[in-house]
Amino acid sequence: MTGGNGTRTETPWTGMVPVDDTALAVTDTGGTGTPVVYLNGQFATQGYWRRTIAELGPQWRHITYDERARGRRSETSSDYSFEAAVRDVTAVLDARGVERALVVGWSYGAYVASHWTARNPERAIGAVMVDGAQPYDWMDEAMAQRIRVMFRRVALLGPLLRPTGLLPRMNAEQMAQSNIELGLLGGEKELGAVLDSITVPTRYVLASGTSFGSKGDEQEVIRAGMDAVYERNENIRLFAKVPSNHGAILRKDFRAVAGAVREVAALDGRGR
C-alpha cells in the first residue's frame, strides 16, 4: 500500500539506518500524509523540530534524523563532509521507502536541503529553508582562524555536553573544518548557482538580528543578499522574516516554519 506521493504507508518507526561506515538515528511518524524530512543545524539534533512537527500535526508524515556523530545514537564516521550529509538525505528516504518528500532545513540543514533539492527535482516536492543557504562570500583565512579558535573553546565542554547529545562526537578540528567547508560552499558564486538551478517551490523563513558566533550586523548583511536570488529564480520566495534570532527561530517562530511547509505543499504540481 502506498501513500499519495508513491510512498509506502508506514506505522511509526524509530531505529538506525546504516549508511557508508556509520548508522543514523531516524524517527518516522508514518502515515499516509505528505512526507516531510527535516535537516538539522550543523551540530543540532532532531529534537529541535518538535514544535514545528506538533504545529503541523499528524496529517503529515514527519521524518527526522541525527547526522553522523550527532545526538545520542547516530554513530561516528570517517567522513563528516558536506557531500556525505547530502548523500545521507537520500539514504534515509530510501531506507524509509519514500519516493518524494518536502525537505525542511535549518541553518546547515538549509544548505544541505538546497543541494539535495537542486540535484533531485524528481524527488523533491519542494523545500523550506530556515535562516540558512544564503549566498555570501564570508569565508577567508582570518575567518577560518577565528572558527578554529572558537571550536577549540567549544571542545573544552565536550566531556560535559557529549553525553547529552548537545555536542557532536567530533574533535575540535573536525567541527571547525565542517564549518569552514560550509563557508566556502556558501559563497555567492557557488551557492548562487545551486539556488538558481532549483526548479521546485522553495520558501525561506529568515530570522532577525545576531546570534552566537556572529559579530555586528554580519547576519543581516548575509540575509539581504537573498533579494538577488528571489529576482533570478521565480521558484524561490521569502515566506516570512521573523523577530527571533538564528538560534531561537525553531523555538519561537515554529508557526512560520509550519506555514511555509503548508504553502510549499499546496504548490506541488504533481499533487498528493
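Look at Asp28 and Arg96 to begin with: in this predicted model, their side chains are joined by a polar contact of 3.0 Å. Asp28 belongs to strand β2, which covers residues 22-28.

From β2, step across to β4. The two strands pair in the antiparallel sense, with 3 bridges between them, and Thr27 has Thr64 of β4 as its bridge partner. Strand β4 takes in residues 61-65, and because 5 of its 5 residues are buried, the strand is largely enclosed by the rest of the structure. Arg61, Ile63 and Tyr65 point one way from β4, while His62 and Thr64 point the other way.

β4 also pairs with β3 (residues 35-39), this time in parallel and over 4 bridges. Here Val36 sits opposite His62 of β4. To get from β3 to β4, the chain passes through helix α1 (residues 50-56), making a right-handed β-α-β crossover.

Now for helix α6, residues 172-185. With 14 residues at 1.5 Å each, the helix should span 20 Å, and because its end C-alpha atoms are 20 Å apart, the geometry agrees. Asn171 caps the N-terminal end of α6, placing a side-chain oxygen 3.1 Å from the backbone nitrogen of Glu173.

Which residues of α6 are buried? They are Ala172, Met175, Ala176, Ser178, Asn179, Ile180, Leu182 and Gly183. An α-helix has 3.6 residues a turn, so residues three or four places apart point the same way. As for what they pack against, the buried residues of α6 meet α2 (82-95), α3 (108-119) and α4 (141-155).

Methods: Residues numbered from 1 in each chain as written. Predicted model: local features only at pLDDT ≥ 70, side-chain atom pairs only at ≥ 80, totals over all residues. Heavy atoms only, no water. Polar contact = N/O pair within 3.5 Å; in protein donor to acceptor, adjacent residues only side chain to side chain. Expected span 1.5 Å × (residues − 1). Buried < 20%, exposed > 50% of the residue type's maximum accessible area, 1.4 Å probe, protein only. Contact = heavy atoms within 4.5 Å. Pairing = 2+ DSSP bridges. Right-handed = clockwise from strand over helix to strand, strands pointing away.
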